[in-house]
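Trainee: Could you walk me through how to read the features of a model like this one? I would like the general idea and then the case at hand.

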Amino acid sequence: MSVETPTPEQHDVQPVNSRKQRLELYAPRTKIFPKRASGQFRRFKWLVMLVTLTIYYVTPWIRWDRGPFAPDQAVLVDLANRRFYFFFIEIWPQEFYYVAGMLVMAGIGLFLITSTVGRAWCGYTCPQTVWVDLFLVVERAIEGDRNARMKLDKAPWTADKIVKRVTKHGIWLLIGIATGGAWIFYFADAPSLLQDVVSLQAPVIAYATIALLTATTYVFGGLMREQVCTYMCPWPRIQGAMLDEHSLTVTYNDWRGEPRGRHAKKAQAEGRPQGDCVDCNACVVVCPMGIDIRDGQQLECITCALCIDACDDVMTRLGKERGLISYATLSDYRQNMALATGPDATIRPERVRDSATGRLVKRIKHTDWRSIIRPRTLIYFVGWSAIGLAMLTVLALRTPLSLNVLHDRNPLYVELRDGSVRNGFDVKVLNMTPQPGQVVLSLEGLPGAAMSLADDSKLVQQLTLDLPPDQVLPLRLYVRVDAEFVPAEPVDFHIVVTDTETARTSAVETSFAVPQR
Ligand code: SF4
Ligand code: SF4
């Protein structure tokens, strides 16, 4: 009897990256010479660039009067004294949860923005985008717009080219120095540090920081540019998880653009369908990433929308509706595509245009508020607002007087010769205001108790203490209970501190340890 051998299934597949056709993970850089764009998105980008750069460079110079005992710099990360000052807010190390809260808000904010308007962070406010834009302004001012820059790049090294290149790189380096310089001013009093830096009196770390940030700004913003976004930044990869079919992204509407062609009249005369795209490449020459949005969504696209401006300009000149490239959702795009596609699966421009008026038909879906206000974005917004409100509430209820108490672990108690029992504590009174203050330290809930400081054996019921401004007052405190009041078991009681001027109090519950009888 013969046994039939089963034939394994054959798969018709090719590996995407095989030894025969190994693809490089890194492609050598092709120089990009973006043309200057103009239009509503470019104007918005100028505004964002102006605002963000102004905030970065000017903030350390803003003064904020906190009285004579605290720095008058509005935003200051005081590493030496472990304080963070932000206008009227002063954060101490133990209040790091504010910083954690702000980081969580920033994270949720990025989710909110990305799920709503795609990579708007990348296209408008990311420091890499802003500084590349600034470096391009300098480059254009010195070398001219795209064609002039390309010509200069190919030209032999003449005196004119050397002067232009040296000037450009010199200004880029100055911007880098200003960027590194501005950064260090966030960590010390800006006017004094500037004097120290100029007179070579500043700490070495200040010069090292300036040097490092000068180098990174110059290399990332001037030399590497789009390569930082494409190869170094994780954000383009992460954003894939945040976008959905209702997120706005810069989209080439091929349902009205295809079939593209430069000779519309000839195509019409020959009876061939012709879309709105005249294949002028205006959208490509303005792209700072050097891509063609007509190839569809790409990891490299930072959604700066400059291609929208370029194409809108072309459409306006052709007398057609703007928006051949536009912010659109995948959902709307698919509906429009279904409308434009004929039974043979090809795009038929006549299906989206009214034959009488030549305008786009009303059934075309346009982006509206529904892509912005929807359950997902609302959930992000509610979460973001809830954390913000919680932080504001905690901030409003924050008491600037605080107390930390640490009971001695060994020994837990000391039995004195007269039968009384003593417990030792490390106490810290925190005056989180920029003014000196006076407080009264007292004990509550421990009958027969008195206290003394380690450097003063006098037993008292209350201690009056002078608090230095914006500082911690450490105390070594002994609490003693007379023999006849010593409890049979450990008891909880409160150490209380009261501001003599404002009557604000802060109390900490601790326990009084006793010998086991
Ligand atoms: S394709 Fe358009 S939106 Fe994307 S990076 Fe280029 S110009 Fe900006
Ligand atoms: S700018 Fe508009 S018309 Fe010109 S190639 Fe790009 S998409 Fe086509």
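Trainee: Which residues of the largest nonpolar core touch the most other members?

Mentor: A nonpolar core is a set of buried Ala, Val, Leu, Ile, Met, Phe, Trp, Tyr and Cys residues joined through side-chain atoms within 4.5 Å. In this predicted model, the largest such core has 34 residues, and Y124, V250, I293, A305, I308, I325 and Y327 touch the most other members. Elements giving two or more residues to this core are α1 (40-58), α3 (120-125), β4 (248-252), α13, α14 and β5 (325-329). With seven residues, α14 gives the most. Helices (H or I, at least four residues) and strands (E, at least two) are DSSP runs, numbered from the N terminus. Another core, of 30 residues, lies apart from it, with L446, V481, F512 and V514 among its residues.

Trainee: Before we go on, how are the numbers and letters set?

Mentor: Residues count from 1 along each chain as its sequence is written, while chains are lettered from A and ligands numbered from 1 in the order in which they are written. Local features need pLDDT of at least 70, side-chain atom pairs count only at pLDDT 80 or more, totals for chains, interfaces and linings use all residues, and side-chain values use heavy atoms, with hydrogens and water left out.

Trainee: What is I293 in contact with?

Mentor: Contact means heavy atoms within 4.5 Å. Setting aside neighbours within four places in sequence, I293 contacts V250, Y252, Q298, C301, C307 and I325.

Trainee: Which residues surround ligand 1?

Mentor: A residue is near a molecule if one of its heavy atoms lies within 4 Å of it. Around ligand 1 we find V250, C287, P288, M289, I291, I293, C301, I302, T303, C304, A305 and C307. By class, 11 are nonpolar, one is polar and none is charged. Here Ala, Val, Leu, Ile, Met, Phe, Trp, Tyr, Cys and Pro count as nonpolar, Asp, Glu, Lys and Arg as charged, and the others, Gly among them, as polar.

Trainee: And which residues come nearest to ligand 2?

Mentor: Of 13 residues around ligand 2, these are C277, C280, N281, C283 and C311. The elements giving two or more residues to that shell are α13 (282-285) and α14 (306-318). The shell divides into 10 nonpolar, one polar and two charged residues.

Trainee: Is T217 buried or exposed?

Mentor: Buried means under 20% relative accessible area, exposed over 50%, partly exposed in between (1.4 Å probe, protein chains only). T217 counts as buried because its relative accessibility is 9%. T217 lies in helix α8 (residues 204-224).
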